[in-house]
Amino acid sequence: MPRRVLVTGSSGLIGSEAVAFFDARGWEVLGVDNNMRRVFFGADGDTTWNLERLRRMTKRFTHHDLDIRQREAMLGLFAAARPGLIVHCAAQPSHDLARERPFDDFEVNALGTLNLLEATRQHCPESPFVFMSSNKVYGDAPNEKPMRELATRFDYADPADADGIAEGCRVDAALHSLLGASKLAADVLVQEYGRYFGIPTVCYRGGCLTGPNHSGAELHGFLAYLARAVREGRTYRIFGYGGKQVRDNIHAHDVCAAMLAFYESPRVAAVYNLGGGRANSISVIEAIARLEELAGRRLHTEYVDDARIGDHICYISDLRRLRADYPGWSITRSLDDILRELITRPPTPPA
Ligand SMILES: NC(=O)c1ccc[n+]([C@@H]2O[C@H](COP(=O)([O-])OP(=O)(O)OC[C@H]3O[C@@H](n4cnc5c(N)ncnc54)[C@H](O)[C@@H]3O)[C@@H](O)[C@H]2O)c1
């Protein structure tokens, strides 16, 4: 019997990578996605092309066009499938968009997660539950670290902070954006279903997750959208901080490897930061320069002297806890691998 994984958000960046990753390893994969990314981000966010790609390339993948907000539908699906692993990636992922759609944001991110947790508790409580959480749960608290401004980026001023933000960073008394608040609600629920009910749950608090199968939109998908702007000759808007704000970037493949590591050696109520770490960190203007170099063309940019509310000035995920608990896991795709892949990937086909 093949092992069975249920992936929510299966047509999105991380979900689709998880579908392909587990399918390639002989798993049976059930995907749940209602293409709500198109509703959130318009045509740029449409994931139909990605679903079609998965259908072509996989062996044991079935797609379920369901909404995770539909409690009965989720309970029914879990009762029938009893997956051995749950990978929860469905989300409203943009903090700028959340304020325009506060109910959609909360209902997808928080309520949807509760529906899945309860379905797991009722039908497969032994199965590891992997939740893609976010570094937005820390709100803007990481900005309190002393910073120094270098020629092309901000960095932490104190050498003791060189490894970046650890899981002990406080999650309250900070400005989160509504997205950060809804993701934090979900993150705490996932931990609680672990601690209270003994379910093996993990929150992976993502830095910048990226890869070629992102339907990059201006409001979400930093490197994917930037590469798209370079490829397609779009104007790219830089929001505040002189473009020196720093992100750490992790390839979707390495995210999936962390999911598998957790499945193979699960814990209860685990929490890890998951990003590219210092080696895969880059500022907006550094990323533009490197992508221009790789593409051999200039990007037209526009500077908006107004930072995104709650934007991190320098965010590097401290990966030491994850590396200590899962020594077999590592970053396998360097930042330059990621940038090269993004810039050479053909433009997203129209939906
Ligand atoms: N991409 C990043 O940089 C990043 C960073 C930190 C955390 N995360 C988290 O990782 C997870 C995956 O992110 P992603 O970049 O793959 O996002 P994505 O938008 O590419 O994928 C999410 C998918 O969920 C689907 N979806 C949305 N609402 C749904 C609903 N109600 N029912 C069913 N499907 C629904 C969308 O159609 C989309 O295909 C999210 O939880 C996100 O918050 C992402």
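**The sheets**

Modeller: Gladly! In this predicted model, seven strands form an open sheet in the order E3-E2-E1-E4-E5-E8-E12, with parallel pairing.

Colleague: What makes strand E3 and strand E12 the edges of this sheet?

Modeller: Each of them, strand E3 (61-64) and strand E12 (270-274), has a single partner strand, so one side of each is left without a neighbour in the sheet. On average, neighbouring strands here are turned by 20 degrees against each other, with direction ignored.

Colleague: How do you know that strand E4 and E5 pair?

Modeller: Two strands count as a pair if there are at least two bridges between them. Strand E4 (residues 85-88) and E5 have three bridges, in the parallel sense, so they meet the condition of at least two. As for a bridge partner, His88 has Phe131 in E5.

Colleague: Which strands make up the open sheet with mixed pairing?

Modeller: That is the sheet of three strands, in the order E9-E11-E13. Its edges are E9 and strand E13 (281-283): each has a single partner strand, so one side of each lacks a neighbour in the sheet.

Colleague: What makes strand E11 and E13 a pair?

Modeller: Strand E11 (residues 246-251) and E13 share three bridges in the antiparallel sense, and the condition is at least two, so they pair. Asp248 stands opposite Ser281 in E13.

**The ligand**

Colleague: Which residues are the closest to the ligand?

Modeller: They are Ile14, Asp33, Arg37, Asp67 and Lys183, and 30 residues surround the ligand. To be counted, a residue needs a heavy atom within 4 Å.

Colleague: Which elements give two or more residues to the shell around the ligand?

Modeller: Helix H1 (13-24), helix H2 (36-41), strand E5 (129-134) and strand E9 (208-210) do. E5 has the largest share, with three residues. By type, the shell has 13 nonpolar, 12 polar and five charged residues.

Colleague: How do you know that the radius of gyration agrees with a compact globule?

Modeller: For 351 residues, a compact globule would have a radius near 20 Å, and the protein chain has 19 Å, which agrees. Its C-alpha atoms fill a box of roughly 55 × 45 × 40 Å along the principal axes. The chain has 12 helices and 14 strands.

Colleague: What makes the phi of Arg82 worth a remark?

Modeller: Most residues other than glycine have a negative phi. Arg82 is not a glycine, yet its phi is positive, about 40 degrees. Arg82 sits in the loop between helix H4 (71-81) and E4. Ser177 also has a positive phi, near 75 degrees, and belongs to helix H7 (residues 177-197).

Definitions and conventions. Residues numbered from 1 in each chain as written. Predicted model: local features only at pLDDT ≥ 70, side-chain atom pairs only at ≥ 80, totals over all residues. Heavy atoms only, no water. Helix = DSSP H or I, 4+ residues; strand = E, 2+ residues; numbered from the N terminus. Nonpolar A, V, L, I, M, F, W, Y, C, P; charged D, E, K, R; others polar. Axes fitted to C-alpha atoms, helices over the stretch in contact; angles between N-to-C directions. Rg over C-alpha atoms; globule rule 2.2 N^0.38 Å.
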